Amino acid sequence: MKSLPLFHRIAGQRVVVLGDGIAAEAKRRLVARAGGIPVGEAEAHGAKLAFVALENEGEARAAVRRLTYLGLLVNVPDRPDLCDFTVPSVLDRDPVLIAIGTGGASAGLAKALRLRLETLVPHGLGAFARAMQAARARVRQRWPDAGQRRRALDAAMAEHGPLDPLRDGAAAAVEPWLAGAGQVAQSAGRYEFTLASDDPEDLTLRQARLLGSADAILHDRAVAAAILDRARADAQRIVLPLSGPEPEGLVVALRRAANSF
């Protein structure tokens, strides 16, 4: 990744927006929609972010220098070389936000992907997220162990699972699922795979599912980083051979086939 994707909370905060054209007005609407307060450069005190939508390039560069000097992170529409951050195309299912960014390469591509996803992501996804938030304490009570709780949720939210988030009516399924006490799809244990390819697209569905759920990944040094990136970000990564005790929870061991190309 060449950018760190973040969701920045700006409710009640000043955000500088410079410019009078269509792009500037769009940024003001975006800031206001997120609860921020669009202001001019003279009111930049306390602001952390700025949008510079000035048509004159010289004026835009000068504004970027001034605002950067004040410590603000700056975005200049259609000028990724002048940006500290870029603005993704956003699919809004409040409180769920799906942000699609291209690092400034193509806003049109980001928009096209968002429009495609609009047809796939149900409008009730936000209600499902709120239902899961309301059930959080009961889920923790049912599965006090974090690993077991995560595996139960992974199983429930898998494709065609009782809480499949891409299925209409998922919000209404939360209470019946809790009442049935749910089932953990994959118990703790060790699963070993020998990989014949460095391409993550060649992983089987079972391998991809286990990688996404594992508490620890044991791997040869030859296993490609692209494969390891399919694991949870907080999963332990241990290079084989294992020198210490076996990790607890769900463990996936990956080896690279010696004669594969």
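P95 sits in the loop between strand 5 and strand 6. Helices (H or I, at least four residues) and strands (E, at least two) are DSSP runs, numbered from the N terminus. This is a predicted model, in which local features need pLDDT of at least 70 and side-chain atom pairs count only at pLDDT 80 or more, while totals for chains, interfaces and linings use all residues. Residues are numbered from 1 along each chain as its sequence is written, and side-chain values use heavy atoms, with hydrogens and water left out.

**Cis peptide bonds**

- Most residues other than glycine have a negative phi, and most peptide bonds are trans.
- The bond from D94 to P95 is cis, with omega near 10°.
- L240 and P241 are also joined by a cis peptide bond, with omega about 5°.
- P241 lies in the loop between strand 9 (236–239) and strand 10 (250–256).
- P241 is exposed, at a relative accessible area of 72%. Exposed means over 50% relative accessible area, buried under 20%, and partly exposed in between (1.4 Å probe, protein chains only).
- P241 and L153 stand 88 residues apart in sequence and 31 Å apart in space, C-alpha to C-alpha.

**Positive phi values**

- D78 has a phi near 65°, a positive value in a residue other than glycine.
- The loop between strand 4 and strand 5 holds D78.
- D78 counts as exposed, with 77% relative accessibility.
- H160 is not a glycine, yet its phi is positive, about 70°.
- H160 belongs to the loop between helix 6 and helix 7 (174–179).
- H160 is exposed, and its relative accessible area is 71%.

**Helix 1**

- Contact means heavy atoms within 4.5 Å.

**Largest pocket**

- Rolling a probe the size of a water molecule over the atoms shows where empty space is left.
- The largest pocket has a volume of about 2,200 Å³. A volume is the space filled by probe spheres set on grid points, which are joined across faces, edges and corners.
- On a 1 Å grid over the protein atoms alone, a pocket is an open set of points where a 1.4 Å probe fits, with protein on both sides within 12 Å along at least five of seven lines; lining residues have an atom within 4 Å of a point.
- Its lining has 50 residues, and L30, T86, V87, P88 and V90 lie nearest the centre.
- Elements that give two or more residues to this lining are helix 1 (22–33), strand 3 (49–52), strand 4 (73–75), strand 5 (89–93), strand 6 (96–100) and helix 3 (107–118).
- Helix 1 gives the largest share of the lining of the largest pocket, 7 residues.
- By class, the lining of the largest pocket has 28 nonpolar, 10 polar and 12 charged residues. Ala, Val, Leu, Ile, Met, Phe, Trp, Tyr, Cys and Pro count as nonpolar, Asp, Glu, Lys and Arg as charged, and the others, Gly among them, as polar.

**Second largest pocket**

- The second largest pocket holds about 180 Å³ of space.
- Of its 15 lining residues, V52, A53, L54, E55 and P77 are the closest to the centre.
- Helix 1 and helix 2 (57–69) each supply at least two residues of this lining.
- The largest share of the lining of the second largest pocket, 3 residues, is from helix 1.
- This lining divides into 10 nonpolar, 1 polar and 4 charged residues.

**R150**

- R150 lies in helix 6 (residues 146–157).
- R150 is buried, with a relative accessible area of 19%.
- Leaving aside neighbours within four places in sequence, R150 is in contact with S213, A214, D215 and R232.
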